[in-house]
Amino acid sequence: MKPVVDEELCIGCALCAEICPAVFEMGDDDLSHVIKPDGCQEAGCCQEAAEECPVDAISLED
Ligand code: SF4
């Protein structure tokens with residue numbers, strides 16, 4: 001599973017980076033960026049981050 005953040009939708013709430021810091025990080029542009037696309041399996045928190053995102057900006061692609 002590779003996470004993708006839709007930058008058009010992200011409102012910069014930073015929740016995903018709190019839930020799953022191994023994979024998501026807030027950038028200087030105040031948007032979430034995927035810093036480790038292959039990290040979901042190891043980190044195990046991408047699904048939760050995607051579910052908790054208030055604007056459904058995170059999709060998980062196979
Ligand atoms: S949880 Fe969603 S809206 Fe909030 S920073 Fe992450 S991707 Fe953006």
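1. Basis. Residue numbers start from 1 along each chain as its sequence is written. The model is predicted, and local features need pLDDT of at least 70, side-chain atom pairs count only at pLDDT 80 or more, and totals for chains, interfaces and linings use all residues.

2. Ligand shell. There are 14 residues around the ligand, and C10, C13, C16, S32 and C53 come nearest (a residue is near if its C-beta atom, placed from the backbone, lies within 6 Å). The shell holds 12 nonpolar and two polar residues, with no charged ones. Here Ala, Val, Leu, Ile, Met, Phe, Trp, Tyr, Cys and Pro count as nonpolar, Asp, Glu, Lys and Arg as charged, and the others, Gly among them, as polar.

3. Buried means 20 or more other C-beta atoms within 10 Å of the residue's own, exposed 12 or fewer, and partly exposed in between.

4. A49. Beyond its neighbours within four places in sequence, A49 is in contact (C-beta atoms within 7 Å) with C16, I19, C20, F24 and I58.

5. D30. This residue is in the loop between β2 (24–26) and β3 (32–34); helices (H or I, at least four residues) and strands (E, at least two) are DSSP runs, numbered from the N terminus. D30 is not a glycine, yet has a positive phi of about 65°. Most residues other than glycine have a negative phi. D30 counts as exposed because it has 11 C-beta neighbours inside 10 Å.

6. D56. The loop between α3 (46–52) and β4 (58–61) holds D56. D56, also not a glycine, has a positive phi of about 50°. With 10 other C-beta atoms within 10 Å, D56 is exposed.

Terms used:
Contact = placed C-beta atoms within 7 Å.
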